[in-house]
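Reader: I have a model open and would like to understand the words used for it. Could you walk me through them?

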Amino acid sequence: MVLSSGGARGLAHVGVIEELESRGYQIQEIAGCSAGALVGGMYASGKMQEFKDWICNLDRIDVFSLMDFTFSSRGFIKGEKVYKALKNVVPDCDIEELSIPFSCNAVDYKTGKEYIFKKGKLYSAIRASGSIPSVFQPARYLEREFIDGGVVNPVPISLLENHGDTLLIVVDVNAPEDHFMPPPKNDQEGNKYIRVPGWLKDFRSKMSQFFPEEKEEKTKSYSSIDLITRSFDLLQFRFCELLEEKYPVDISIKISRKQASTLEFHRSAEMIEIGRQKAIEALNRFENGNSGTE
């Protein structure tokens with residue numbers, strides 16, 4: 001199983017894994033990149049439920065408090081505080097001791113070469129794999145500095161060792177807008193993801209009588225930064241497509257980049273449910289004899 005990079009969208013990987021398990025599938029090996037490395041590492045350590053309970057209870061303020069901001073030009077978040085908090089929930093361990101084979105990747109930004117983690121401390125590997133350039137400061141490990149593995153290999157199928165003997169399932173959370181799914185309003189128990197206080201609803205209703213909203217469609221104008229970001233998104237998605245074409249992927253689950261921005265971890269429960277729904281669609285196609293890829 002391969003889990004792509006994607007920031008907060010990577011929480012969709014949790015929903016995919018839960019749906020696979022509910023249908024009796026057994027995951028034999030996991031390769032992850034960035035957010036995929038985080039979720040894959042939590043699953044391989046046997047602590048997925050503890051991780052899910054922790055991250056789904058973080059609101060906007062909690063997420064903000066875990067961001068150790070800095071004025072460094074190498075990244076505006078140090079990236080140590082959040083992992084320190086997570087270690088209190090899921091203790092660190094050696095990758096070699098995990099219940100299933102796990103690997104993730106990062107990039108030595110000085111040489112530009114991909115580095116593959118298959119042994120050593122789990123959090124050192126996850127921290128290196130998820131060091132998003134300009135957002136998180138590079139991770140220091142083995143006297144080297146690493147940035148996000150998604151820079152060169154966002155869907156690290158090449159890390160798997162035994163995919164020829166099992167189903168190859170790839171989850172890509174960097175797909176274009178046509179893979180967008182309207183966010184679910186309720187979770188599996190019927191609870192709403194976003195709760196609006198009653199007094200606010202009444203206030204909006206009363207004010208709308210005096211100040212009706214005028215909806216005006218505006219054509220979005222891209223700034224130079226927007227164009228660079230958009231160009232990178234298109235390049236990354238095309239790169240992901242080429243990687244999947246290179247390997248015999250049995251089931252491909254795609255989640256749009258539009259679902260959530262990189263740091264919207266307060267929407268974890270919502271992203272997990274989107275991952276579950278996307279997995280249901282792909283697995284139903286596969287189990288009904290149709291292609292498991294979109």
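Reader: Happy to start with a helix: what makes α1 largely enclosed by the rest of the structure?

Author: Gladly! First, this is a predicted model, in which local features need pLDDT of at least 70, side-chain atom pairs count only at pLDDT 80 or more, and totals for chains, interfaces and linings use all residues. Residues are numbered from 1 along each chain as its sequence is written, and side-chain values use heavy atoms, with hydrogens and water left out. Now to your helix: 9 of the 11 residues of α1 are buried, so α1 is largely enclosed. Buried means under 20% relative accessible area, exposed over 50% and partly exposed in between (1.4 Å probe, protein chains only). Helices here are DSSP runs of H or I with at least four residues, and strands are runs of E with at least two, numbered from the N terminus.

Reader: Which elements cover the buried residues of α1?

Author: The cover includes β1 (2–3), α2 (35–44), α3, β9 (169–175), β10 (251–256) and α9 (268–287).

Reader: Why is α1 called oblique to α3?

Author: The axes of α1 (residues 12–22) and α3 (residues 48–55) come within 12 Å and cross at roughly 140°. That makes the pair oblique, because angles under 35 degrees count as roughly parallel, over 145 as roughly antiparallel, 65 to 115 as roughly perpendicular and the rest as oblique. The axes are lines fitted to C-alpha atoms, for helices over the stretch in contact, with angles from 0 to 180 degrees between N-to-C directions.

Reader: And what makes α1 and α2 oblique to each other?

Author: They pack at an angle of about 40°, with axes 10 Å apart, and α1 and α2 are therefore oblique as well.

Reader: Which residues of α1 and α3 meet?

Author: Val-14, Ile-17 and Glu-18 in α1 meet Met-48, Phe-51 and Lys-52 in α3, where contact means heavy atoms within 4.5 Å.

Reader: How do you know whether Lys-52 is buried or exposed?

Author: Lys-52 has a relative accessible area of 18%, so it is buried, the limit being under 20%. Leaving aside neighbours within four places in sequence, Lys-52 is in contact with Val-14, Glu-18, Ile-272 and Arg-276.

Reader: Which residues have the most contacts inside the largest nonpolar core?

Author: They are Met-1, Met-42, Phe-51, Phe-102 and Phe-117, in a core of 63 residues. A nonpolar core is a set of buried Ala, Val, Leu, Ile, Met, Phe, Trp, Tyr and Cys residues joined through side-chain atoms within 4.5 Å. A second, separate core of 12 residues includes Val-2, Leu-160, Leu-168 and Leu-243.
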